[in-house]
Amino acid sequence: MKAILFEEFQGPLQLKEVPDPIAKDDGVVIKVTATGLCRSDWHGWMGHDPDIILPHVPGHELAGIVESTGKKVKKFQVGDRVTLPFVCGCGHCPQCDSGNHQICDHQSQPGFTHWGSFAEYVAMDYADVNLVKLPETIADTTAAALGCRFITAFRAVVEQGKTQRGQFVAVHGCGGVGQSAIMIAKALGAQVIAIDIHEPSLQLAQELGASYVVNASKSHDVVGEVISLSKGGVHVSLDALGSAETCFNSIANLRKQGKHVQVGLMTGNHQHPKVPMDRVLADELEILGSHGMQAHKYPDMFQMIEKGLLQPQKLIERTLKLEDLITELPKMNTFSNSGIMVVDSF
């Protein structure tokens, strides 16, 4: 099969012929019909993930058709249109037993723990636990756009943030996950404040439902602006970027008993940021993480999509060919794109 592969971290990406994957007894092989390009793929290529073994094929947001199944797979068959969360559970550890597959003790992640979806085919383990059948009404490109950023934002806003109608929600960083969070919070009836340094991203944020925008590159006091706009601080705040500055600001702009949800990956020098712990204590703030979403939670999201309350297809900025990833992946840290890029030509 054709695949995008790198043989050293930060090294050249190549379009190469590699062996076709083979399904394990509990797994499947999926013919990839669409796959998203995410900043997490850039982190993997940079060498920020210790699970990656070289040479490596990235890609973790995908939709496709089941090509073959292992002998123990019961819920899926050849020809099924499927997608899956980027964090896959084993189905039998204490976390999975409690329904929290997104923090599985033995989790696997396509494009990180094993070869991913920047290829014509990808193998997935524990298929009965992790695969999700796609409704006919959801296109392959839309499903691929869900795979990491949208589902992460959905769980962050709905489950972790417990966002309610009429609340103020701040979203720091308006890339794919941030724009997803804006759309979801708006659908729940929240008033959203979008913060970014990229004017086109802020324009898209307004189109997706943000009530207010703050250009952090032009503001002398981002936290003060957000507190003023929200009349005393926001109820829920998301760091959708993953930097020491956005993390601090997201906590500092909360009202009393507000919730900060860390969504953006914290890597390198940003792993241990300063936290206004005095405010966390005095104002009983909550600091939460959000890491993907379980496969069994997809129906709640699908229902909102099919009702038209959520329109993730609006987040797709452009579609790519597989070979385009050679030049596009290394540029993912420049934040030059307002929306999501999806490969739909292999």
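Axes here are lines fitted to C-alpha atoms, for helices over the stretch in contact, and angles run from 0 to 180 degrees between N-to-C directions. Helices (H or I, at least four residues) and strands (E, at least two) are DSSP runs, numbered from the N terminus. This model is predicted, so local features need pLDDT of at least 70 and side-chain atom pairs count only at pLDDT 80 or more, while totals for chains, interfaces and linings use all residues. Residues are numbered from 1 along each chain as its sequence is written, and side-chain values use heavy atoms, with hydrogens and water left out.

**Stop 1: helix 4 and helix 10**

Select helix 4 and helix 10 (residues 298-306): their axes come within 11 Å and cross at roughly 95 degrees. Helix 4 is therefore roughly perpendicular to helix 10 (angles under 35 degrees count as roughly parallel, over 145 as roughly antiparallel, 65 to 115 as roughly perpendicular and the rest as oblique). Now show the side chains in contact, which means heavy atoms within 4.5 Å. Helix 4 contributes Leu146, Gly147, Phe150, Ile151 and Phe154, and helix 10 contributes Tyr298, Asp300, Met301, Phe302, Met304 and Ile305. By class, this contact of helix 4 with helix 10 has nine nonpolar, one polar and one charged residues. Ala, Val, Leu, Ile, Met, Phe, Trp, Tyr, Cys and Pro count as nonpolar, Asp, Glu, Lys and Arg as charged, and the others, Gly among them, as polar.

**Stop 2: helix 4 and helix 5**

On the helix 4 side, select Arg149, Phe150, Thr152, Ala153, Phe154, Val157 and Val158; they meet Gly176, Val177, Ser180, Ala181, Met183, Ile184 and Ala185 in helix 5. The residues of this contact of helix 4 with helix 5 divide into 10 nonpolar, three polar and one charged.

**Stop 3**

Next, select the open sheet of six strands, which has the order 10-9-8-11-12-13 and parallel pairing; two strands pair if DSSP finds at least two bridges between them. Which strands stand at the edges? They are strand 10 (212-215) and strand 13 (286-289); each has a single partner strand, so one side of each is left without a neighbour in the sheet. Neighbouring strands of this sheet are turned by 20 degrees against each other on average, direction ignored.

Helix 7 (residues 222-229) packs on the sheet and touches strand 8 (168-172), strand 9 (191-196), strand 10 and strand 11 (234-239). The direction of helix 7 makes about 165 degrees with that of strand 9.

Strand 12 (residues 254-262) pairs with strand 13 in the parallel sense over four bridges. Here, lysine 259 stands opposite glutamate 286 in strand 13.

**Stop 4: helix 8**

In helix 8 (residues 244-252), select Thr246, Cys247, Asn249, Ser250, Ile251 and Ala252, which are buried. Buried means under 20% relative accessible area, exposed over 50%, and partly exposed in between (1.4 Å probe, protein chains only). The cover over these buried residues of helix 8 includes strand 8, helix 7, strand 11, strand 12, helix 9 (277-282) and strand 13.

**Stop 5**

Move to strand 1 (residues 2-6), where four of the five residues are buried. Strand 1 runs antiparallel to strand 2 (residues 13-17), and five bridges join the two. Lysine 2 stands opposite glutamate 17 in strand 2. Six residues lie between the strands of this hairpin, and glutamine 10 takes a positive phi near 65 degrees.

**Stop 6: serine 68**

Select serine 68 in strand 4 (residues 61-69). With 26% relative accessibility, serine 68 counts as partly exposed. Leaving out residues up to four places away in sequence, serine 68 touches Ala23, Val28, Val29 and Val78. The C-alpha atoms of serine 68 and lysine 24 are separated by 10.0 Å, and the two residues are 44 apart along the chain.

**Stop 7: backbone details in loops**

Proline 55 is in the loop between helix 1 (39-46) and strand 4. A cis peptide bond joins leucine 54 and proline 55, with omega about -5 degrees.

Tyrosine 126 lies in the loop between strand 6 (121-124) and helix 3 (127-130). Although not a glycine, tyrosine 126 has a positive phi of about 50 degrees. Its relative accessible area is 28%, so tyrosine 126 is partly exposed.

Finish at lysine 231, in the loop between helix 7 and strand 11. Is lysine 231 buried or exposed? Lysine 231 is exposed, with a relative accessible area of 64%. Lysine 231 has a positive phi of about 60 degrees, although it is not a glycine.
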